[in-house]
Amino acid sequence: MLNRFMQSRLRGLVILALILIILPAFLGNPFHYELVIQMAIIAATVVGLNLLVGFAGQISLGHAGFFGLGAYFTGIATGTYGWSSLPALVVGAVVVGTIAWLVGRPILRLKGHYLSMATLAVGFIIAIILNNERAITGGPDGMPVPALDLFGWELSTFGRYSLFGIEISGVQAWYILASVVLLAAVWFALNLIESPIGRALRSVHGSEVAASVVGVDTAKYKSLVFVISAIYASVMGGLYAHFQGFITPAVASFEFSILFITMVVLGGMGSTFGVILGAVVLKLLPQVLADFQELETVMFGLILMLTMIFMPKGLLPTLTAAVSKRMRKKAGGEA
Amino acid sequence: MLKTMMRRAGQCAVVAAACLMMSAQAAEPIKIGSFLSVTGPASFLGDPELKTLEMYVEKINEEGGVLGRQLELIHYDDVGNASSARNFASRLIRSDRVDIIVGGSTTGATMAAVPLIEQAQVPFISLAGAVVITTPVKKWVFKTPQSDRMAAERILADMKDRGITKIGLISGTGGFGSSGRTQTLEVAEQMGMDVVADVTYSGSDTDMTAQLTNIRNTKGVEAVLNFGFGQGPAIVTRNYVQLGMELPFYQSHGVASDSFLELAGSSAEGLRLPASPLLVPDSLPQEDPQKEVVQNYKAEYEARWDSKVSTFGAYAYDGLMLAVRAIEKAGSTDPEAVRGALENIQGYVGVTGEFNMSPDDHNGLDADSFRILEVQNGEWKLID
């Protein structure tokens, strides 16, 4: 029974949930909470991006564009027009999804480098618009975003709330929210991967020609997953904007897109839990390395380089392979 | 994964032990937090700022500290990235628990940290320029540089003195340039002047002859003003001479540094700009109250770091001195008391100007703290 459960695809999700439940015991101060909350939001975005990159094998170098668009949509709708957060997030996701579909249909006909360049261009165009529409977006200096409100509750990181009679601080409330969102994002991704859509996507990854020969509508599935990953980015961008309280066009920048892709590659393409690890490592490094000051960038580069040389498949897949190899060896020795 | 966790646990233990030891000491140091763009595209701001903070914190500590307590500088490099500026501000407030923050090299970095700082209620002295930082007044936010609005006022006033009323404006599309452009347009309208040509260039442009030709072909332009930062203005200056334009030419305070003179070379001859007296310490009249402060800062900085002093470092000098003054006046590091003291600082003569803070003015400078300089024979010459 337990064995069968451990084999199921929910195993990873349960482990992740356990980690998220135990983690607060190790978080010393509100700043640590803040870091983990950001990690969770970014990780959920990367889980969405991984559907496109890891499973369908399409590279997007402009994903921060969708993230930024979601962030600005939420920021403008709640800040300038006084919407409440939930409709802002939902409408933002619909708008960004539509935009992704419109641009995705034609560009997903492109392959390889051309596709990367087209997504790169989309990201750049979004960043330029956010930079230049000063009257709406506040231009390069950015704009403030009000605190998240859910069903009449205003969720500020400095507030105090009571949950089933226990008093918790604002960052703890945000932590719970971010954890739930991350788990939901992972759950949805895992289900999608195991569904017929997921199988179709993997066949596209393997060989697009072969996939179309056996009757998979490759264009349809590619644009579908492109839209899904853009919606992931949009919703997380909106949450990120609420959490940060201030956004600048840097959230839609090329550097940020590259960071997303790096998280996917570092953590392990096609491994949902691997990319979460990638996000955690890449968010944690700048904080851990902050004490090295001038050497920070050098160390950062060195770590990335070494990982890619010695773990080309990414952190988690390489580690799991090493562990199972050792276990098999041990089992073999005993027999 | 396990290894990372173990290492983190180890780090936490070390930090916890350090905290315990520190609280055991009788007089805890006063913690001054700072996030600056020490590396990255805005490093020309952050680097002199950090050097200034480091050397004066050392100096103050050697002289016995503040209120009998030593100062401790905790600083992070935000690489000019607004969201990491916000994260480091959060780390300063929540993890390091600093008493006051002096930092924020760029307007973007400052504004990203402001909502957090306002909620956390920690006094914050920004080192960035744009007028939005202190207008409208934010309870916990102060700043030391003059705003771009004052620069625009000073430049246009100087033009008016020369009988110029029709201006051609060329500005960068970055944060500094576009905010400067907005302010110039507003001030021009107030002063009854006309901006007859209004063109922009982006930060990565390498040639601005097209935009300048556009201005040259506009009828009635009597002077040209360039609002921008970094490389752009130097290119504009060179193109201006290449096109043989002879109208009076103004730059903003964004390029008021000796390195600009090196970049622009002989084409900078004759242009005017508003700047800190720091560029011309020796030509200041003897009775100028700032003369001594400016000369001292320049001498001390150049002796300590063996590099040229910059106006941006001076913002950090004034920020630190204002913070120290406020803490001394408040007699404690209680945030509310320090904030109140900061708000009431009158007549502090700094390198940037004379600060007169009030509840309605968290900058405390006026446009006259800018001096109008002209480039003559490859050097700055004080005009007004």
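Pro281(B) sits in the loop between strand E10 (272-275) and helix H10 (290-305) of chain B. Helices (H or I, at least four residues) and strands (E, at least two) are DSSP runs, numbered from the N terminus. The model is predicted: local features need pLDDT of at least 70, side-chain atom pairs count only at pLDDT 80 or more, and totals for chains, interfaces and linings use all residues. Residues are numbered from 1 along each chain as its sequence is written, while chains are lettered from A and ligands numbered from 1 in the order in which they are written.

Pro281(B) counts as buried because 21 other C-beta atoms lie within 10 Å. The term buried requires 20 or more other C-beta atoms within 10 Å of the residue's own, exposed means 12 or fewer, and partly exposed is in between, with C-beta atoms placed from the backbone. Leaving aside residues up to four places away in sequence, Pro281(B) touches Val294(B), Gln295(B) and Lys298(B). Such a contact requires C-beta atoms, placed from the backbone, to lie within 7 Å. Tyr297(B) is 16 residues from Pro281(B) along the chain, and their C-alpha atoms are separated by 10.0 Å.

Chain B as a whole has twelve helices and 14 strands. Of its 384 residues, 52% count as buried. A compact globule with 384 residues would have a radius of gyration near 21 Å, and the 22 Å of chain B agrees with this. The radius is taken over C-alpha atoms, and the globule rule is 2.2 Å times the number of residues to the power 0.38. Along the principal axes, the C-alpha atoms of chain B fill a box of roughly 70 × 55 × 40 Å.

Strand E1 (residues 30-36) of chain B pairs with E2(B) in the parallel sense over seven bridges; pairing requires that DSSP finds at least two bridges between the strands. Within this pair, Ile32(B) has Leu73(B) in E2(B) as its bridge partner. Strand E2 (residues 71-77) of chain B is mostly covered, with five of its seven residues buried.

Chain A contains 15 helices and six strands. Of its 335 residues, 45% count as buried. Strand E4 (residues 160-163) of chain A and strand E5 (residues 166-169) of chain A pair in the antiparallel sense over four bridges, and Arg160(A) stands opposite Ser169(A) in E5(A). Two residues lie between the strands of this hairpin, in which Phe164(A) takes a positive phi near 50°.

The unreviewed UniProt entry annotates several spans of chain A as "transmembrane region", including residues 173-193 and 258-285. Residues 173-193 of chain A are 100% helix and 0% strand, with end C-alpha atoms 30 Å apart. Residues 258-285 of chain A are 86% helix and 0% strand, and their end C-alpha atoms lie 16 Å apart.

Definitions and conventions: UniProt positions are given in the numbering used here, feature names are shortened, and annotations may be inferred rather than shown by experiment. Two residues are in contact if their C-beta atoms, placed from the backbone, lie within 7 Å.
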